[in-house]
Amino acid sequence: MRIVILGAGVVGATSAWYLARAGHAVTVIDRQGAAALETSFANGGQVSASHAEPWANPAAPRKILRWLGREDAPLLFRARADWAQWRWALGFLFECLPARARANTRELLSLALYSRGELQALRRELGIESDQSPGGILTCHTDRRDFDRAARQAESLRELGAEREVKSPDQCVAIEPALAHAKARLAGGIYAPSDESGDAFKFTQAIAAHAAAIGVRFRYGCSVERLEIERGRIASVIVHDAHEGAEEAVTADAYVVALGSYSPLLLRPIGIGIPLQPVKGYSITIPLEAGDEAPRVSLTDEAAKLVFSRLGDRLRVAGTAELAGYDTELNPGRCEALVRQTFALFPRAGRPERAEYWTGLRPATPSNRPLIGRTRLPNLYLNTGHGTLGWTLACGSARALADLVAGRRPEPAFRFLESSERAGGALLETAPRSP
Ligand SMILES: Cc1cc2nc3c(=O)[nH]c(=O)nc-3n(C[C@H](O)[C@H](O)[C@H](O)COP(=O)(O)OP(=O)(O)OC[C@H]3O[C@@H](n4cnc5c(N)ncnc54)[C@H](O)[C@@H]3O)c2cc1C
């Protein structure tokens, strides 16, 4: 089959690899000049399969209320006159109900563990180096109540296959000695020894190069304008090619939308509404020199919602979430706060004035479950909505998509999209297989 993938982020590029390897003739279209130059460019780097819970959980509403009005809040809702944004916020609250949060956690965990295995297999098979660090992920808690809750949850998630070990402050410092300065503040930590971190940008560029080597055509500098429908199917995608300075209709047998946060803008005009909002985040990258005392094990500061990943000779720190539309301006206050919080924890982690700032838009669904599979249009597929976990879930989502295109049921116990239409909605989800 001829397949056109829209978007060359980590999700689009991995989809291209698996679909090409399954024998399809694949073309990838992206407006940027190379792969992974938008949200997949400088994320937190964590492949947090054992920590794949959604943000929407029973404790979230209380925390969000506490943060309301605080400019430096880890999660910020900038209210706008936008019905889609309000509907998303209501959907988020619904997903915080205990039964919903439990089901979402189970499904995300299943997809994430599968995805981590696929990522590791690809790396071994293709010899990809992307500053990965296999030292696990340690989630540090400073709030005693949160820590006790996380310790109880670790028990139940272990039964589902997540490796999580409960650690005392001393044990946290033994795992990551750079935490010594922060030990007095720690209530404890949850360690996932089989998780890892790495540079999503480097990996995406590498997998795109491998995909090109097996025949995938990457068309960069091409902006996707709209999808054309004829007789209930996608007939073509209209792109504007910046090199040619002209519009062109690109045709294929099937189309995959992997445009990250921009996916709804293309789908809405053809009557497919998806619950996806851009959620803005920030990162800083600090170059390291010999003698700098930056953490080597990937860390999460649960209270501040910050992640720290050592990427070779750089320290990546990422966090903050703003529901504020498609704004990608760097807010100086947010950048300074990240630097301040980093050096409060790790006073000798490089030089603050050398920090590079970045912001990106997480393609977030209220449940944090991505949308993977076929829409009601028989030749239109989605692989989007990976929110906070796009790097963690990319390889598994892409392999699952290739299975769905081939008519096979993917391995993870996850609700993928189906072809027929749900009453009143655009998409139908299958029931997850039991794990
Ligand atoms: C601060 C921050 C920290 C994060 N940390 C982590 C983490 O530690 N672990 C983790 O698993 N995930 C993390 N994430 C989430 C992860 O980065 C995303 O889920 C993932 O990058 C999304 O990938 P994507 O391919 O769907 O989107 P993108 O990477 O945005 O790719 C979409 C592509 O579509 C292209 N495009 C869009 N519109 C058009 C158009 N009209 N025409 C042509 N091309 C178009 C873009 O150029 C882009 O290349 C983080 C995100 C942020 C913002």
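This is a predicted model: local features need pLDDT of at least 70, side-chain atom pairs count only at pLDDT 80 or more; totals for chains, interfaces and linings use all residues.
Analyst: A residue is called buried if 20 or more other C-beta atoms lie within 10 Å of its own, exposed if 12 or fewer do, and partly exposed in between.

User: What makes leucine 311 a buried residue?

Analyst: Leucine 311, in strand β16 (residues 306-311), has 22 other C-beta atoms within 10 Å, and because the cut-off for burial is 20 or more, leucine 311 is buried. Apart from neighbours within four places in sequence, leucine 311 is in contact with Gly45, Asp131, Asp199 and Arg316. Arginine 78, by contrast, lies 233 residues from leucine 311 along the chain, with 32 Å between the two C-alpha atoms.

User: Is aspartate 131 buried or partly exposed, and how do you know?

Analyst: Aspartate 131 has 18 other C-beta atoms within 10 Å, and because burial needs 20 or more, aspartate 131 is partly exposed. Aspartate 131 lies in the loop between α4 (98-126) and β5 (137-141), and its phi is near 50°, a positive value in a residue other than glycine.

User: What makes threonine 320 count as buried?

Analyst: Threonine 320 has 23 C-beta neighbours inside 10 Å, and because 20 or more are required, it counts as buried. Threonine 320 is found in strand β17 (residues 314-323), and although it is not a glycine, it has a positive phi of about 65°.

User: Why are β10 and β12 said to stand at the edges of their sheet?

Analyst: The sheet is open and has three strands in the order β10-β11-β12, with antiparallel pairing. β10 and β12 (246-250) each have a single partner strand, so one side of each is left without a neighbour in the sheet. On average, and with direction ignored, neighbouring strands here are turned by 25° against each other.

User: How do you know that β11 and β12 pair?

Analyst: Strand β11 (residues 233-241) and β12 are joined over five bridges in the antiparallel sense, and because two strands pair when there are at least two bridges between them, five bridges are enough for β11 and β12 to pair. Histidine 240 stands opposite glutamate 247 in β12.

User: Which residues touch the most other members of the largest nonpolar core?

Analyst: That core has 114 residues, of which Leu6, Ala13, Ala16 and Tyr255 touch the most other members, and its largest share, ten residues, comes from α10. Another core, of five residues, lies apart from it, and among its members are Trp55, Ala56, Cys96 and Ala101. As for leucine 6, its contacts beyond four places in sequence include Ile29, Val224 and Tyr255.

User: What surrounds the ligand?

Analyst: The ligand is surrounded by 41 residues, of which Gly9, Gly44, Gly260, Gly281 and Gly390 are the closest. By class, this shell has 16 nonpolar, 21 polar and four charged residues, and the elements that each supply at least two of its residues include α1 (10-21), β14 (277-287) and α10 (390-405).

Terms used:
Residues are numbered from 1 along each chain as its sequence is written. A residue is near a molecule or strand if its C-beta atom, placed from the backbone, lies within 6 Å of it. Helices (H or I, at least four residues) and strands (E, at least two) are DSSP runs, numbered from the N terminus. Ala, Val, Leu, Ile, Met, Phe, Trp, Tyr, Cys and Pro count as nonpolar, Asp, Glu, Lys and Arg as charged, and the others, Gly among them, as polar. Two residues are in contact if their C-beta atoms, placed from the backbone, lie within 7 Å. A nonpolar core is a set of buried Ala, Val, Leu, Ile, Met, Phe, Trp, Tyr and Cys residues joined through C-beta atoms within 7 Å. Axes are lines fitted to C-alpha atoms, for helices over the stretch in contact, and angles run from 0 to 180 degrees between N-to-C directions.
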